[in-house]
Amino acid sequence: MAAADWIDPSMTGVVWTRTSREPQIDRPPLDSDAQADLVIVGAGYTGLAAAIRAAAAGLRVIVVEAGIAGAGASGRNGGYAVPHFPGALRPSAVEKLLGPRKGQALNALVSTGPDRVAELVRRYAIDSDFAQRGWVQPAHSQAALAKVRAVHDDWRAFGVKVDWLDAGAVAAETGAAGYLAGWRNASGAVVNPLAHARGLARAAESEGARIVECTRVTGMAQEGPGRVIVTCTGPGGVHRLQAGKVLIATNAYTDALMPGLPRSVVTVRLYHIATTPLPELLRRRILPNGNCFTDLRKSGGFGRYDTAGRLISGGAVFAASNVRAYGEAHARRRMAELFPQLRGQQIGIEDYWEGYCALTDSYLPHVQRLQPDVFAVLGFSTRGVALTQTIGQAMGDMLAGKGRLDDIPLEVVDGLRRIPFQPLKTAVGRQIFPLYQMKDRLGLS
Ligand SMILES: Cc1cc2nc3c(=O)[nH]c(=O)nc-3n(C[C@H](O)[C@H](O)[C@H](O)COP(=O)(O)OP(=O)(O)OC[C@H]3O[C@@H](n4cnc5c(N)ncnc54)[C@H](O)[C@@H]3O)c2cc1C
């Protein structure tokens with residue numbers, strides 16, 4: 001199934017729908033032609049953060065969303081706002097990839113990402129259970145220990161306040177078993193991701209942006225300078241938006257709205273589960289400080305609670321005969337391995353849901369200038385919660401004439417940035433989860 005077919009406005013199974021204090025607001029689909037300075041495709045964190053800034057700068061902004069705000073990865077992720085890159089990607093490697101100017105700017109943006117999310121939460125009074133209690137990257141194997149140490153040292157050299165934790169300190173922070181050591185950045189945070197998306201949508205509207213839901217962009221054409229015609233289809237019929245500029249913020253859910261665009265990212269299908277709330281006694285022994293962690297296991301080693309004390313776990317979806325049963329069994333094994341305290345306890349699984357992530361070859365997002373006034377920013381991988389919002393804001397500023405494209409701290413290409421062998425890589429991604437689990441078991445990750 002293509003990612004775009006999976007846009008599910010009902011958000012079936014997603015625990016965050018039950019726990020979000022930001023209310024669901026139904027927004028009507030597009031029902032007539034209209035004009036805007038900026039049309040944004042996709043109401044996830046990227047599109048909404050861009051809309052907030054561009055509308056605040058005075059642009060007439062219309063956000064077009066195929067489902068509802070947050071229906072993509074933004075409303076269904078794990079809610080870890082992490083001040084680090086994916087896996088063991090180091091700030092020094094990012095500088096090499098992007099050059100010193102952009103590399104250092106991106107390092108600064110990533111290391112302060114959760115703080116910048118906190119600013120949005122405060123400014124727009126977003127009720128998304130945002131809690132900044134720190135994030136830990138522990139090492140589950142000797143191979144991981146070397147990588148984790150190098151990442152810690154790199155961040156420290158870059159001037160970021162990070163703490164090295166020995167095995168005992170990791171165990172005290174996380175309550176998890178088997179870690180050799182790790183590092184912590186106290187600015188890491190957790191959030192109710194769907195509530196946050198809803199809050200950003202409300203904030204964008206408060207700045208004057210218009211959001212239309214259940215309306216899919218099916219095509220666009222630049223007809224002249226500052227004149228892009230965007231075709232939209234939905235229950236309100238087929239309508240045309242005349243836009244000065246367009247930002248495509250569809251990430252892994254990118255469909256055929258622009259020929260070839262889906263080939264610019266590899267999509268990965270992930271699942272998450274939420275347990276029944278853990279009893280108070282267990283909560284004092286597992287993640288006692290309410291912080292969160294992510295290790296380097298390829299098959300997912302991470303932990304956080306929601307506000308009711310449910311543990312959130314997950315991994316990649318494997319194309320098994322019963323996808324959900326396979327995922328739940330994996331999550332149970334992983335939780336028992338991480339938290340021996342759970343063994344023998346009656347802990348059920350209440351929720352199971354899936355979502356799509358978009359990867360690039362570098363594991364960093366990129367900007368594609370598809371037409372003179374049409375931009376796409378895609379590829380936020382599994383570290384999108386904070387970065388989408390900081391990059392989205394920067395894109396909104398740039399599109400409002402308050403910054404230069406060259407100042408966006410990402411690779412910027414003219415035209416499409418196709419990933420070599422993208423269909424093959426996407427297909428392999430659907431089958432590779434058992435191999436990842438084996439690598440983890442053998443201590444190779
Ligand atoms: C299960 C899961 C867990 C994750 N956990 C974490 C985590 O803990 N921490 C972290 O940092 N990152 C995490 N991520 C990644 C993170 O969620 C994403 O990187 C981020 O949400 C991407 O935001 P976005 O706004 O770019 O895209 P999305 O939120 O995916 O939004 C794209 C939107 O575009 C819309 N759309 C697509 N095509 C069209 C069209 N033609 N017309 C109109 N609308 C369209 C979609 O409906 C969707 O709403 C996770 C992802 C998944 C799937």
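**Helix packing and selected residues**

Modeller: Helix 5 (residues 113–123) and helix 11 (residues 384–399) pack with their axes 9 Å apart, at an angle of about 65°. That angle makes helix 5 roughly perpendicular to helix 11, because values from 65 to 115 degrees fall in that class. Please keep in mind throughout that this is a predicted model.

Biologist: Which hand does the crossing of helix 5 and helix 11 have, and which residues meet there?

Modeller: The crossing of helix 5 and helix 11 is left-handed. On the helix 5 side the residues are G113, P114, R116, V117 and L120, and they meet A386, L387, Q389 and T390 of helix 11. By class, the residues of this contact of helix 5 with helix 11 comprise five nonpolar, three polar and one charged.

Biologist: OK, now helix 2 and helix 8: at what angle do they pack?

Modeller: Helix 2 (residues 45–56) packs against helix 8 (residues 193–206) at an angle of about 25°, and their axes are 8 Å apart. Helix 2 is therefore roughly parallel to helix 8, as the angle is under 35 degrees. The crossing of helix 2 and helix 8 is left-handed.

Biologist: What makes the contact there, and how many of its residues are nonpolar, polar or charged?

Modeller: Helix 2 contributes Y45, L48, A49, A51, I52 and A55, while helix 8 contributes A197, L200, A201, A203 and A204. In the contact of helix 2 with helix 8, eleven residues are nonpolar, and there are no polar and no charged residues.

Biologist: How many residues are in the largest nonpolar core, and which helix gives the most to it?

Modeller: The largest nonpolar core has 137 residues, and those with the most contacts inside it are V39, L48, A51, V61, V63 and A204. Helix 2 gives the most to this core, with nine residues. As general background, nonpolar side chains tend to be buried together in soluble globular proteins.

Biologist: And what does A204 touch?

Modeller: If residues up to four places away in sequence are not counted, A204 touches L48, A51, I52, A55, V63, A209 and I211.

Biologist: One more pair, then: how do helix 3 and helix 4 cross?

Modeller: The axes of helix 3 (residues 91–98) and helix 4 (residues 100–111) cross at roughly 140° and come within 7 Å, an angle that makes helix 3 oblique to helix 4. The crossing of helix 3 and helix 4 is right-handed. P91, V94, E95, L97 and L98 of helix 3 meet P100, K102, G103, Q104, L106 and N107 of helix 4, and by class the residues of this contact are six nonpolar, three polar and two charged.

Biologist: Changing topic: where is Y124, and what does it touch?

Modeller: Y124 lies in the loop between helix 5 and strand 4 (135–139). Leaving out residues up to four places away in sequence, Y124 touches G199, A203 and S206. Y124 and R202 are 78 residues apart in sequence, yet their C-alpha atoms are 8.4 Å apart in space. Y124 is classed as partly exposed because 16 other C-beta atoms lie within 10 Å.

Biologist: What about backbone angles: what is the phi of M11, and what is the phi of F421?

Modeller: M11 has a positive phi of about 55° although it is not a glycine, and F421 likewise is not a glycine and has a positive phi of about 55°. For context, most residues other than glycine have a negative phi.

Biologist: Is M11 buried or exposed, and is F421 buried or exposed?

Modeller: M11, found in the segment before helix 1 (15–19), counts as buried because it has 21 C-beta neighbours inside 10 Å. F421 sits in the loop between strand 19 (411–414) and helix 12 (422–429), and F421 counts as exposed because it has 12 C-beta neighbours inside 10 Å.

Biologist: And where is P420, and why does it count as exposed?

Modeller: P420 is found in the loop between strand 19 and helix 12, and P420 counts as exposed because it has 8 C-beta neighbours inside 10 Å. The C-alpha atoms of P420 and D361, which are 59 residues apart along the chain, are separated by 8.9 Å.

Biologist: Last one: where is P279?

Modeller: P279 is in the loop between strand 12 (266–275) and helix 9 (280–283). P279 counts as exposed, since it has 12 C-beta neighbours inside 10 Å.

Note on methods: Residues numbered from 1 in each chain as written. Predicted model: local features only at pLDDT ≥ 70, side-chain atom pairs only at ≥ 80, totals over all residues. Helix = DSSP H or I, 4+ residues; strand = E, 2+ residues; numbered from the N terminus. Buried ≥ 20, exposed ≤ 12 C-beta atoms within 10 Å, placed from the backbone. Axes fitted to C-alpha atoms, helices over the stretch in contact; angles between N-to-C directions. Parallel < 35°, antiparallel > 145°, perpendicular 65-115°, else oblique. Left-handed = near helix turned anticlockwise from the far one by under 90°. Contact = placed C-beta atoms within 7 Å. Nonpolar A, V, L, I, M, F, W, Y, C, P; charged D, E, K, R; others polar. Core = buried A, V, L, I, M, F, W, Y, C linked by C-beta atoms within 7 Å.
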